[in-house]
Amino acid sequence: MRRTTGSYLEQLSLWLRFQGVEGPRIVTILSEVRAHVSESGENPYETFGEPRLYAKAFAEGSRRRWLWGISLAVAIAAFLASAYMFASDIAAHRDFRRLPLGGHVWLVISIGIVTAIVAWRAVLVVAVRPLSALAYEESDTATSWKKWAWRRRIATAAVVVVLVACSGLWGVALGNAYRDAPKLRSATYVWVNANAPSDSNGEEQQLITTSAVIYLSAPGPTTQLVGLSLSTNWNGSNDASTLIAFPTLSSALAAAHNHNFGTDGNLAPFTTLKYGTYYVLDYFGSITPTVDAPSPAEDLEANYSVEGVGDDTLDVGLPINYGDAN
Amino acid sequence: MIDAGWPSEWLRGILPLCVIAIVINGETHGYAIARKLEQEGIPNVKGGTLYPLLARLEHDGLVTTRWALGPNGPGRKLYSVTPAGRVWFRGTSRNWQQFSALTVDLLTDVGKRKHA
């Protein structure tokens, strides 16, 4: 390797940066080396020693390197944790809300953190790039590094402004989404028991008992279950229903599999539904076919109202198979 | 006098005081300090020793710096002694002179005893 003043300054700037010395100080140290050797005619490798060792003499500022390392570790930990949450959400709920930026809220937040830190460092590196060039400029070094410091401040301010703008926009979009959001959803498990028609005309009254798991997709205004009915071309009447709350989806699904129907009356409607709670909806109804050979397709319609937003209906598809039902 | 320079362990204690003694006479820059040291009989103080020392003195508030354009070439850093630096210099140089007189006495006594 050539051992010129240029190569010395280049190596020294790298080692100083590696030691965590701040940019303006690096410029100062490089400029002094350059001023000294240009006057004395000495070789910097001889008078200042190896760049790596000389840089160590200025290494007090390495606290900042620790801070940088710690913040990066926190961001990566947040990213991994949210990736895990994201994966377990898919596995457990099979329903992750569509957010304005797409994906899951934790994932978006931690990608945001990582992006912000990386972007900030990247912008700084770009703004800092001409460090050893600054020491070479045949101009006032003080002015040069002041310019550098301003560039750094402007870059940092720009990153902050962009981040604040992005998170503001995202926050507003998220707020809007949550305000309009609460949707009643049903989990995959639906159990149905129906009487088989006793004649081919199918005009006899049928009994349907079913058990489904319902829950709110998002937090939001007060949401109330209003009414339950069976759809399509059947005349139906609702005889009994219950709604039992469970803290987790798995416990609700387990309870639904046990389908212990309450017969105390039509209890489910006018229950206020809470986000984060999973409800087993047991339904007992009777229907009378109005046409011959009715379609086996049947929906349980759960009407609900969201305060300040309006009414909506959840259709729970009932897989009725008269051939197999008892 | 040693052409290659005084032992570095000797210089470690006295060099800050010598540097302040030079800078106290008027604002000057790093290379000029090294040349002046050489003229005063302390040759071969390397840049690798001098500039970290100056940085330490600046950090401790004993000297202050400003940038000026060199006559032909890059800008250079000019050092001057702060009021705190003057106070430090007065106290420390008095102590050093005391220490130095004691060591000189000790060394010359040995010679006298030999001759006696």
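Q: Where does B:Asn44 lie?
A: B:Asn44 sits in the loop between helix 2 and helix 3 of chain B. Helices here are DSSP runs of H or I with at least four residues, strands are runs of E with at least two, and both are numbered from the N terminus. The model is a predicted one, in which local features need pLDDT of at least 70 and side-chain atom pairs count only at pLDDT 80 or more, while totals for chains, interfaces and linings use all residues. Residues are numbered from 1 along each chain as its sequence is written, and chains are lettered from A and ligands numbered from 1 in the order in which they are written.

Q: Why is B:Asn44 called partly exposed?
A: A residue is buried if 20 or more other C-beta atoms, placed from the backbone, lie within 10 Å of its own, exposed if 12 or fewer, and partly exposed in between. B:Asn44 has 16 other C-beta atoms within 10 Å, so it is partly exposed. B:Asn44 also has a positive phi of about 60°, although it is not a glycine.

Q: What makes A:Phe270 count as exposed?
A: A:Phe270 has 12 other C-beta atoms within 10 Å, and therefore it is exposed. This residue is in the loop between helix 9 (249-258) and strand 5 (271-273) of chain A. A:Phe270 is not a glycine, yet has a positive phi of about 65°.

Q: How do you know whether A:Ser241 is buried or exposed?
A: A:Ser241 has 26 C-beta neighbours inside 10 Å, so it counts as buried. A:Ser241 belongs to strand 4 (residues 234-246) of chain A.

Q: Which residues is A:Ser241 in contact with, leaving aside its neighbours within four places in sequence?
A: Contact means that the C-beta atoms of two residues, placed from the backbone, lie within 7 Å. By that test A:Ser241 is in contact with residues including A:Leu228, A:Asn266, A:Ala268, A:Leu281 and A:Phe284. A:Ser241 and A:Ala268 are 27 residues apart in sequence, with a C-alpha to C-alpha distance of 5.4 Å.

Q: Why is helix 1 of chain A called roughly antiparallel to helix 2 of chain A?
A: Angles run from 0 to 180 degrees between N-to-C directions, and the axes are lines fitted to C-alpha atoms, for helices over the stretch in contact. Under 35 degrees counts as roughly parallel, over 145 as roughly antiparallel, 65 to 115 as roughly perpendicular and the rest as oblique. These two helices of chain A, helix 1 and helix 2, pack at about 155°, with axes 10 Å apart. That makes helix 1 of chain A roughly antiparallel to helix 2 of chain A.

Q: Which residues in helix 1 of chain A meet helix 2 of chain A?
A: From helix 1 of chain A come A:Thr5, A:Leu9, A:Leu12, A:Ser13, A:Leu16 and A:Arg17, which meet residues of helix 2 of chain A, among them A:Ile29, A:Leu30 and A:Val33. The residues of this contact divide into eight nonpolar, two polar and two charged. In that count, Ala, Val, Leu, Ile, Met, Phe, Trp, Tyr, Cys and Pro are nonpolar, Asp, Glu, Lys and Arg are charged, and the others, Gly among them, are polar.

Q: What makes helix 1 of chain B roughly perpendicular to helix 3 of chain B?
A: The axes of helix 1 of chain B and helix 3 of chain B come within 11 Å and cross at roughly 75°. This angle makes the two helices of chain B, helix 1 and helix 3, roughly perpendicular. The contact joins B:Leu15, B:Pro16 and B:Val19 of helix 1 of chain B with B:Leu53, B:Leu54 and B:Leu57 of helix 3 of chain B. By class, the residues of this contact are six nonpolar, no polar and no charged.

Q: Which residues touch the most other members of the largest nonpolar core?
A: A nonpolar core is a set of buried Ala, Val, Leu, Ile, Met, Phe, Trp, Tyr and Cys residues joined through C-beta atoms within 7 Å. The largest one has 34 residues, and those touching the most other members are A:Leu12, A:Leu16, A:Leu30, A:Val33, B:Val23, B:Leu54 and B:Val63. Helix 2 of chain A gives the largest share of this core, seven residues.

Q: How many residues does the contact take from chain A and from chain B?
A: The contact takes 20 residues from chain A and 16 residues from chain B. Helix 2 of chain A supplies 10 residues, the largest share of the side of chain A that touches chain B.
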